[in-house]
Amino acid sequence: VSLGAVREALKHDTVEEVVQVEIDPRMVDLARSHFDHITQGFHADPRYRLMIADIRDHIAAAPVPYDLVIHDVSEPLPGSPAEFLFTPGHFADMAKIVSSAGAFVTWAGATGPCSGAEAGAIHALTSGHFPHAEALVCHTQSYGTSWLFSVGAHQDLDLAGRAAGLV
């Protein structure tokens with residue numbers, strides 16, 4: 001559940017709609033019960049729409065491309081339900097639902113001298129399915145490590161040289 005991402009997106013008046021796809025309704029209930037300090041009531045925003053569905057079904061039925069896809073999912077551990085979320089086929093599907101001027105952002109994992117292989121592999125998936133891809137690193141305080149976020153787009157997002165606060 002991308003609680004913080006949904007909350008932050010809805011802070012912008014230019015955002016027309018935020019669609020959150022969650023496979024497990026229990027996660028939504030848990031978030032509403034225990035993480036209201038993070039959600040800050042975004043569930044009541046009329047621009048918010050929750051879809052309880054498998055992401056594959058949602059992608060197949062997506063009526064229009066999205067301007068921004070935030071792919072905030074579990075780690076692709078071998079044998080886990082999230083493993084398919086980091087396959088070439090899934091990234092190809094993601095590229096199909098991102099609008100021509102839109103962007104795809106995914107968590108790619110911890111990055112550093114001993115932990116960058118997974119992040120590099122995930123960024124390679126983004127680079128392989130979007131003509132323009134950028135790797136952004138930030139220090140995630142809740143985890144105490146630096147994490148890579150992989151951004152893909154069909155057009156140049158012109159991120160180079162921008163101040164971090166503007167990216």
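Predicted model: local features only at pLDDT ≥ 70, side-chain atom pairs only at ≥ 80, totals over all residues.
A residue counts as buried when its relative accessible area is under 20%.

In total, the structure contains six aromatic pairs. Another of them joins F42 and Y48, with ring centres 5.0 Å apart and planes at 65 degrees, so this pair is edge-to-face as well. F42 and Y48 are both buried. A ring also takes part in a charge contact, where the charged end of R56 sits over F84, 3.7 Å from the centre of its ring.

Setting aside residues up to four places away in sequence, H71 touches L85, F86, H90, F91, M94, F104, V105, T106 and W107. With one of these, H90, the contact is polar: the two side chains come together at 3.1 Å.

Now to the sheet that holds β3 and β4. Four strands make up this open sheet, in the order β3-β4-β6-β5, and the pairing is mixed. At the edges are β3 (66–71) and β5 (132–140), each of which pairs on one side only. From one strand to the next, the twist averages 20 degrees. Strands β3 and β4 (residues 98–110) run parallel and are joined by five bridges. Within this part of the sheet, I70 stands opposite V105 of β4.

Two helices go with these strands. Helix α5 (residues 88–97) lies across β3 and β4, and runs at about 145 degrees to β4. Helix α6 (residues 116–129) packs on the sheet too, where it touches β4, β5 and β6 (145–153); its direction and that of β4 make an angle of about 170 degrees.

At the other end of the strand order, β5 and β6 pair in the antiparallel sense over nine bridges. One of the residues involved is H139, whose bridge partner in β6 is S146. The two strands form a hairpin with four residues between them, and G144 in the turn has a positive phi of about 70 degrees.

A121 is placed in helix α6 and counts as partly exposed because its relative accessibility is 45%. Between A121 and I59 there are 62 residues of sequence separation and 23 Å of space, C-alpha to C-alpha. V64 lies in the loop between α4 (55–61) and β3. With a relative accessible area of 51%, V64 is exposed, since the cut-off for that label is over 50%. V64 and S99 are 35 residues apart along the chain, while their C-alpha atoms are separated by 8.2 Å.

Finally, there is R47, found in the loop between α3 (36–39) and β2 (48–52). Its side chain reaches the backbone oxygen of L10 at 2.5 Å. Leaving aside neighbours within four places in sequence, the contacts of R47 are L10, H12, D13, V15, E16, E17 and V18.

Conventions. Residues numbered from 1 in each chain as written. Heavy atoms only, no water. Polar contact = N/O pair within 3.5 Å; in protein donor to acceptor, adjacent residues only side chain to side chain. Contact = heavy atoms within 4.5 Å. Pairing = 2+ DSSP bridges. Axes fitted to C-alpha atoms, helices over the stretch in contact; angles between N-to-C directions. Phe/Tyr/Trp six-rings, centres within 6.5 Å; stacked < 30°, edge-to-face > 60°. Buried < 20%, exposed > 50% of the residue type's maximum accessible area, 1.4 Å probe, protein only. Lys NZ or Arg CZ within 6 Å of the ring centre and 35° of its normal.
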